[in-house]
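Please keep the structure open while reading.

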Amino acid sequence: MKQANFSKLALKALLVRLRNPLNMSNENTLLSIKDLHASVEEKNILKGLNLDIKPGEVHAIMGPNGAGKSTTGYVLSGRDGYEVDSGSATLDGEDLLEMEVEDRARAGLFLAFQYPVEIPGVSNLEFLKVAVDAQREARGEEALTSAEFLKIAKEACKQVNLPVSFLKRGVNEGFSGGEKKRNEIMQMILLQPKLCILDETDSGLDIDAMQVVANGVNSQRSPERSFIVVTHYQRLLDYIKPDFVHVLADGKIVKSGDASLAKELEAQGYSWLQAEPTEDELED
Amino acid sequence: MSEWLQQAIARADSIQDGFEDQRATSLALLKDIKWPTRKTEAWKYTPLRAVERSAAIFKEESPELEPVAVEGLEFLELTFVDGQLVSLPEDLPEGLTIEMQESSLFAEIKPERHVFGLVNDVLAADVAVVTVAEGVAIEQLLRINNLLSNGAQGHIRVIVDIKAGASLKVVENAEGQGASLTTAYTEYQIGAEATLEHYRFALQAADNVAIGGCHFKLLESASLNSSIIGFGSDLQRIDTDIIHAGEKADAKLNAIYLLDGKELFDLHANVEHAVPNCTTEENIRGIAGDSSRAVFNGRIHIHRDAQKTLAELNNRNLLMSDKAEINTKPELEIYADDVRCAHGATIAEIDKKALYYLQTRGVSRSQAQLMLSFGFINELIDQMPTAELAEWVRPIIRDRFSQMEVK
């Protein structure tokens, strides 16, 4: 009996390792996505996504429109209407997919939106304070006083080159595209997440604005904090240097490499992806 | 006819103050009027039981009452207690006068809708007339206080005449201690190129009956910016009438209501575009909790000659309980062909995208809902031109709002 049990366990361990060849030790993985399938309005978007990210790493996810790049961020953050059909995603070993949206944020996940929503009537400062308080409470830290918070909020404004007066305005209300993106980065600076997903943060930005955003991101790089930089174009990666580049096509990663892969994609475009039939199509 | 109205008429009949003639027309109309019922369109959702049952009396002697203080503001105070004028502002700025007048009629308003306008005609004891001389800008805010002691009945009327090129800021402040009944009407004439910044706060105890309205007549290039903020009560009814009587006049009306318990709040907003080239923008937002009821009727009437009118009416409501009720009805009557007119009325849910956005920042779902609901009305508070008033009223609204949420 003992022997049988042992062999079952050994087999299980082997299977885990086979499914997860890049990640030798689970303890050292911040984010682990395994065979993730997800759909929106019954349309399959993610079709077996695998990704492991260690603390301190910067991963770029590139790919054509409709590949599932934004969906990845929405599924991980728990947006309504994004259904997980199978697979798993863990952050620091905790099952992300079972958590409420706010608990994922409190566990250290941050999504910088491609289109941050405008919320008139809710002041940016109040919103940021409530968010930071929630984050601190989750970490077992005491809430900041209003004066303490105002001080760090002003500093964060400075870091992303936003006038302090923006704190008094409604959340993103009447902000330009670039200002909204900078406001996202400011939130990231204040919330100090473990994993940041930047969803096409470069879209709609000119070079100067992109540099401000990239500087904000780079200032937050640390051995403990990881990033997923989702982008359609290579140019953002000139400013935020990735450790790994993945190509997402039709809901799964079809190619991974180092920063040079981004250059390759820039030269070749994504058309080569469509030239080869996908696995699904082969199965059909 | 209701017993309450019979008593009101009897009282008016018995007043011998030398102004009987001025009261006669309204009194005659009132004696003939049909007491509104559920079949009366203007009172369809607002039953008058609370009036019929009211035991509020005309007090011979009233206690001394003080209006609420507002940090950072010193008002010119025009104060009524239980319907009697008790104080006029001392040291009026140059160009501003306040006099007492014997009687005035709500001549331009349909009597059927304004049965209480007629009641006010015959029972308002002291009618104050405020005049701003031509071209004078009065910086200090004038506050009209309608204070009612417990169980008192009072009827007030103020007429404000802002001459050409002049400007005035007025706060109408109603504070009823409880079980009181009031009718309160103000009439404004805003002269050519004159401006009025106007507020009406009805933030009183829940067992009051308060009926009244504001009548704004705008002459050429006049400008009105009005904010109305009300809690409900046993019966809270406000009729606003905006009459564009001169070309290029501009009117903006923001209104907020926040209802709890079994409260009732009814806002009837009527706009008459009688001449061309005028603009109106109305933003009405309300939140109804518990088993309260909100009634909104927004009518915009664009007369045949009123070409190039721009008019927008938007009413948005949030329901915070299954038992709360909102009756909203925008009415557009357009007889001119070259106008831009938009209206919308919604009973909204909280914006899901905004909710998700806040949650992704770690804000709990319940707190995010609270922030967004409050933000929905706070957006209009942000637009109040006098910041001190916004800062004063914001925490009052927030307090009530958090009490509503607890239930």
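1. **Lining of the largest cavity.** This is a predicted model. In it, 20 residues line the largest cavity. Those nearest its centre are B:Asn146, B:Glu172, B:Ala174, B:Ala184 and B:Arg200. Start there when you look inside.

2. **Volume and count.** The largest cavity holds about 170 Å³ of space. In total, the structure has four cavities of 30 Å³ or more.

3. **Strands around the largest cavity.** Six strands of chain B each give at least two residues to this lining: strand 5 (142–148), strand 7 (167–176), strand 8 (181–190), strand 9 (195–202), strand 10 (209–218) and strand 12 (235–244). Strand 8 of chain B has the largest share, with four residues.

4. By class, the lining of the largest cavity has 10 nonpolar residues, seven polar and three charged. B:Glu172 and B:Arg200 are among the residues nearest the centre.

5. **The second largest cavity.** Its space comes to about 80 Å³. The lining includes B:Glu41, B:Ala42, B:Trp43, B:Lys44 and B:Tyr45. B:His268, B:Val295, B:Phe296, B:Asn297, B:Asn327 and B:Lys329 also line this cavity.

6. Strand 16 (293–302) and strand 18 (325–334) of chain B each supply at least two lining residues of the second largest cavity. Strand 16 of chain B gives the largest share, three residues. The lining splits into five nonpolar, three polar and three charged residues.

7. **The interface in numbers.** The size of an interface is often given as the accessible area lost when the parts come together. Between chain A and chain B, about 2,100 Å² is buried. Carbon and sulfur atoms give 62% of that area.

8. **Polar links across the interface.** There are two salt bridges between chain A and chain B. One of them pairs the side chains of A:Glu184 and B:Arg361, at 2.6 Å from N to O. The two chains also share 11 residue pairs in polar contact, counting pairs with both residues at pLDDT 80 or more.

Methods: Residues numbered from 1 in each chain as written. Chains lettered and ligands numbered in written order. Predicted model: local features only at pLDDT ≥ 70, side-chain atom pairs only at ≥ 80, totals over all residues. Heavy atoms only, no water. 1 Å grid on protein atoms, 1.4 Å probe; cavity = no way out; pocket = protein on both sides within 12 Å on 5 of 7 lines; lining within 4 Å. Points joined across faces, edges and corners; volume = space filled by probe spheres on them. Nonpolar A, V, L, I, M, F, W, Y, C, P; charged D, E, K, R; others polar. Buried area = accessible area lost by both parts, 1.4 Å probe. Salt bridge = Lys/Arg side-chain N within 4 Å of Asp/Glu carboxyl O. Polar contact = N/O pair within 3.5 Å; in protein donor to acceptor, adjacent residues only side chain to side chain.
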